[in-house]
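Please keep the viewer open as you read.

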Amino acid sequence: MDLLTMLDYELSKKHLNDFEKVRYIYLRTCELFSFDARYDYTSLFLDDLLYESIIKRKIDIRSVNDFLVVCHSYSREVLIKLIRELTTAQVEAYGDSHSYVKYQANWLLDATYGDLARVKLGLETRGFEKFPQDKELLSEVDSILGYKPKSKMEYLQQIDLSSIKAIFESINLLLKNSSCNKEFSDAKFFVHWLLMGINCYEFKESCYVSEDYNFHQFFVFPDMDSCFCLSTDEDSYEIKCVSREECMRLTRDLKTKENIF
């Protein structure tokens, strides 16, 4: 994908000032990119080469084929490049162990702590911040851009709370119909966000990973003979209810940071 040309064309159809363009670029890149979950699990396989390639990745914004990023690659290789090419806004990349973009004197743009998933869900952003805060300005700009954040209640009211199984079936249906079902980091964020939203805390969980970085996130509840597994089915993530015996079989050849079985 020629991301630069695509966004240049999109912006040419609008009449925006630099701040509005910066906000538009931030939202669009959050829609397109996802956090690379492999980053958190390379240590399980002593995979130093992959770890280095992830944190030092270079991205050609005129030819993007891989939309998985971490803070360094997103901030330094995607966001700041696009802003500099498509606006006259003054931006700089900051950080060493964690990278983010600073716009003007007091705006921080930091999408990889949740906004990559939150924007896909149409929620308010948390990583596009001004100090001191100016939520009213962001609300006005989002209205101009046509971005109307959804409330958490719009999602929570669609969840059947009659049983644990019904809760996960409802979440799975929401996941299937969302833009968060393609990448593990987005799907995991969505499931966690909904579980916390309904105050569902009484479970153990752990991520089990294969050598080719196929992710399985297990949710185990006390006194239940089955558990719930978030994993990919062909080209999208979904939640399945499986017996504990099947969970044991599935995890036999996988690695995890915290064994829950």
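Predicted model: local features only at pLDDT ≥ 70, side-chain atom pairs only at ≥ 80, totals over all residues.

Residues are numbered from 1 along each chain as its sequence is written, and side-chain values use heavy atoms, with hydrogens and water left out.

**Helix packing**

Helices (H or I, at least four residues) and strands (E, at least two) are DSSP runs numbered from the N terminus. Axes are lines fitted to C-alpha atoms, for helices over the stretch in contact, and angles run from 0 to 180 degrees between N-to-C directions.

| Helix pair | Axis separation | Angle |
|---|---|---|
| H1 (3-12) and H4 (71-86) | within 11 Å | roughly 50° |
| H8 (164-176) and H9 | 11 Å | about 135° |
| H2 (18-32) and H6 | 10 Å | about 75° |

Angles under 35 degrees count as roughly parallel, over 145 as roughly antiparallel, 65 to 115 as roughly perpendicular and the rest as oblique.

The axes of H1 and H4 cross at roughly 50°, which makes H1 oblique to H4. Their crossing is right-handed; a crossing has that hand if the near helix is turned clockwise from the far one by less than a right angle, and is left-handed if anticlockwise. Leu3, Leu4, Leu7, Asp8 and Leu11 of H1 meet Val78, Leu82, Glu85 and Leu86 of H4, where contact means heavy atoms within 4.5 Å. By class, this contact of H1 with H4 has seven nonpolar, no polar and two charged residues. Here Ala, Val, Leu, Ile, Met, Phe, Trp, Tyr, Cys and Pro count as nonpolar, Asp, Glu, Lys and Arg as charged, and the others, Gly among them, as polar.

H8 and H9 pack at about 135° and are therefore oblique to each other. H8 passes H9 in a right-handed crossing. From H8, the contact draws on Ile167, Phe168, Ile171, Leu174 and Leu175, and from H9 on Ala187, Phe190, Val191, Leu194 and Leu195. That contact of H8 with H9 has ten nonpolar, no polar and no charged residues.

What is the angle between H2 and H6? It is about 75°, and H2 and H6 are therefore roughly perpendicular to each other. Phe19, Glu20, Arg23, Tyr24 and Leu27 of H2 touch Leu137, Leu138, Val141, Asp142, Ile144 and Leu145 of H6. The contact of H2 with H6 has eight nonpolar, no polar and three charged residues.

**Pockets**

On a 1 Å grid over the protein atoms alone, using a 1.4 Å probe, a pocket is an open set of points with protein on both sides within 12 Å along at least five of seven lines, and lining residues have an atom within 4 Å of a point. Grid points are joined across faces, edges and corners, and a volume is the space filled by probe spheres set on the points.

The largest pocket holds about 420 Å³. Its lining has 22 residues, with Phe35, Asp40, Thr112, Gly114 and Ser185 closest to the centre. H4, helix H5 (115-118) and helix H9 (184-197) each give two or more residues to this lining, and H9 gives the most, with six. The lining has twelve nonpolar, seven polar and three charged residues.

The second largest pocket has a volume of about 330 Å³. Among its 16 lining residues, Glu124, Thr125, Phe128, Lys135 and Leu138 lie nearest its centre. Strand E6 (128-130) and helix H6 (135-145) each supply at least two lining residues, and H6 provides the largest share, four residues. This lining divides into five nonpolar, three polar and eight charged residues.

**Backbone details**

Phe131 and Pro132 are joined by a cis peptide bond, with omega about 0°. Pro132 sits in the loop between E6 and H6. Asn199, although not a glycine, has a positive phi of about 60°, and Asn199 lies in the loop between H9 and strand E7 (204-209).
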